[in-house]
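Biologist: Could you put the model up and walk me through it? I would like to start with the metal sites.

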Amino acid sequence: MKAIRISAIGERLTQEEIPEPTPAAGEVVVAVRAAGICHSDAHYRSGIGSLARLPMTPGHEVAGIIESVGPGVSRKRIGERVCLHYLITCGECRYCRRNIGQFCPDVSMIGKDRDGGYAEYICVPEQNALSLPDDIPFTHAAVMMCSFVTALHALRKARFTEGESVAIFGVGGLGVAGIGLSTALGASKIIAIDKNSAKVEAARSMGAIGINASETDVVEALMDHTGGLGVDVALEFVGLPVTSKQAVQSLAVQGRAAMVGLANAPTPVDMYKDMIGKEREIIGVSDHLPNEIDELIALVQQGRLDIAPVTSKTVPLDETAVNEVLDELDDYRGKAIRTVIEIE
Ligand SMILES: [Zn+2]
Ligand SMILES: [Zn+2]
């Protein structure tokens, strides 16, 4: 089968012919129909993110059709439309039993620890192949598997409820998902912050209030937009100390900041002024849960969340096209549209 793989760090991905996977007991082989090209794939290529081995087929945002099943899996699943939960867990440890499999000591991720979806076929445990309704296109399902479901997990961890205000730091794939989900779940006000004017415009076109961080004092602007109260929930998707601090300082009384962006340095927080005096909370967010994928699918099916605006760009399973998209993701000035590999 054809696969586009990372063979050396810092080098372009190359197209290879590798054997089609065969499913072991409890596994299914999925014919890939769509695989999202994620910013973290660009990080794996450049070496900012680390892979378990080389060569590796990246791609953790995958949807397709079950092609074959291993022993112990019902043959009725062959032909089923599915989307893939990208974390493979033991299912038995204390964390798996509590449905927080992202902390499983044996966790592995498709496209990082084992071959992913930049290929014609992928092999995963049966329980990772979640049923995808007929009315959701594969390309939409692919991007739902990463940025959208992680943004939903962030909102759930922040205990967001209808009618609350939300600030979104960073309008990349996660930020765009955060805006769409906050709208779908009934936020009273959504304020998106980025230092890139094209991304601020993208946020405005989705109905958010846009703040350009390179032009204005972010905390002051957020206070102005909320009548001096601050926001109920802040989603931090950038991971810089400056944006992390702004996310905390822009919170209302009892506001919650969900930290998703991977910070490169510690963030100093004034414990009394920034936290205690207003009973604010800082909440760590890591990946997402399989049941949140089901919740996301329901939101799309109910027509409350539209994935179409962020998946308008598709490329074939082609070495040159995929590398070009990764180049665009490396370039911060790129637009907030997600690109998906589509296999007809
Ligand atoms: Zn991703
Ligand atoms: Zn486990």
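Modeller: Some terms before the first site: four donors count as tetrahedral if all angles lie between 85 and 135 degrees, and donors are N, O and S atoms within 2.8 Å of the metal (3.2 Å for Na, K and Ca), with water not among the atoms, so sites may look incomplete. This is a predicted model, in which local features need pLDDT of at least 70 and side-chain atom pairs count only at pLDDT 80 or more, while totals for chains, interfaces and linings use all residues. Residues are numbered from 1 along each chain as its sequence is written, chains are lettered from A and ligands numbered from 1 in the order in which they are written, and side-chain values use heavy atoms, with hydrogens and water left out.

Biologist: OK, which residues coordinate the zinc ion (ligand 1)?

Modeller: The donors are Cys-38 (SG), His-60 (NE2), Glu-61 (OE) and Cys-146 (SG), at 2.0 to 2.3 Å. The angles that these four donor atoms subtend run from 95 to 128 degrees, which makes the arrangement tetrahedral.

Biologist: And where do Cys-38 and Cys-146 lie?

Modeller: Cys-38 is in the loop between strand S3 (27–37) and helix H1 (39–46), and Cys-146 is in helix H3 (residues 138–157), so the pair ties together parts that are 108 residues apart in sequence. Helices (H or I, at least four residues) and strands (E, at least two) are DSSP runs, numbered from the N terminus.

Biologist: Is Cys-38 buried or exposed?

Modeller: Cys-38 counts as buried at 9% relative accessibility, and Cys-146 counts as buried at 11%. Buried means under 20% relative accessible area, exposed over 50%, and partly exposed in between (1.4 Å probe, protein chains only).

Biologist: What about the zinc ion (ligand 2), what coordinates that?

Modeller: That ion is held by Cys-90 (SG), Cys-93 (SG), Cys-96 (SG) and Cys-104 (SG), at 2.3 to 2.4 Å, and the sequence spacing of these donor residues is C-x2-C-x2-C-x7-C. The angles here are 105 to 114 degrees, which makes the arrangement tetrahedral. For reference, the ideal angle for four tetrahedral donors is 109.5 degrees. Cys-104 is buried, with a relative accessible area of 3%, and Cys-93 is buried as well, at 16%.

Biologist: Switching topic, how many salt bridges are there?

Modeller: The count comes to 15 salt bridges, where a salt bridge is a side-chain nitrogen of Lys or Arg within 4 Å of a carboxyl oxygen of Asp or Glu. Among them, Arg-12 pairs with Asp-327, with the closest N and O atoms 3.5 Å apart. That pair links distant parts of the chain, since Arg-12 sits in the loop between strand S1 (2–5) and strand S2 (14–17) while Asp-327 is in helix H10 (residues 319–330), 315 residues apart.

Biologist: What distance separates N and O for Arg-156 and Glu-295?

Modeller: The side chains of Arg-156 and Glu-295 meet in a salt bridge at 2.4 Å, N to O, with Arg-156 in helix H3 and Glu-295 in helix H9 (residues 290–301), 139 residues apart. Arg-156 counts as partly exposed at 33% relative accessibility, and Glu-295 is partly exposed at 26%.

Biologist: Which residues are linked in a network of salt bridges?

Modeller: Arg-5, Glu-16, Arg-53 and Asp-115 are linked in that way.

Biologist: Last one, what is the secondary structure of the protein?

Modeller: The secondary structure comes to 10 helices and 17 strands, and buried residues make up 53% of the 344 residues.

Technical notes: Tetrahedral: all angles 85-135°; square planar, octahedral: opposite > 155°, others 65-115°.
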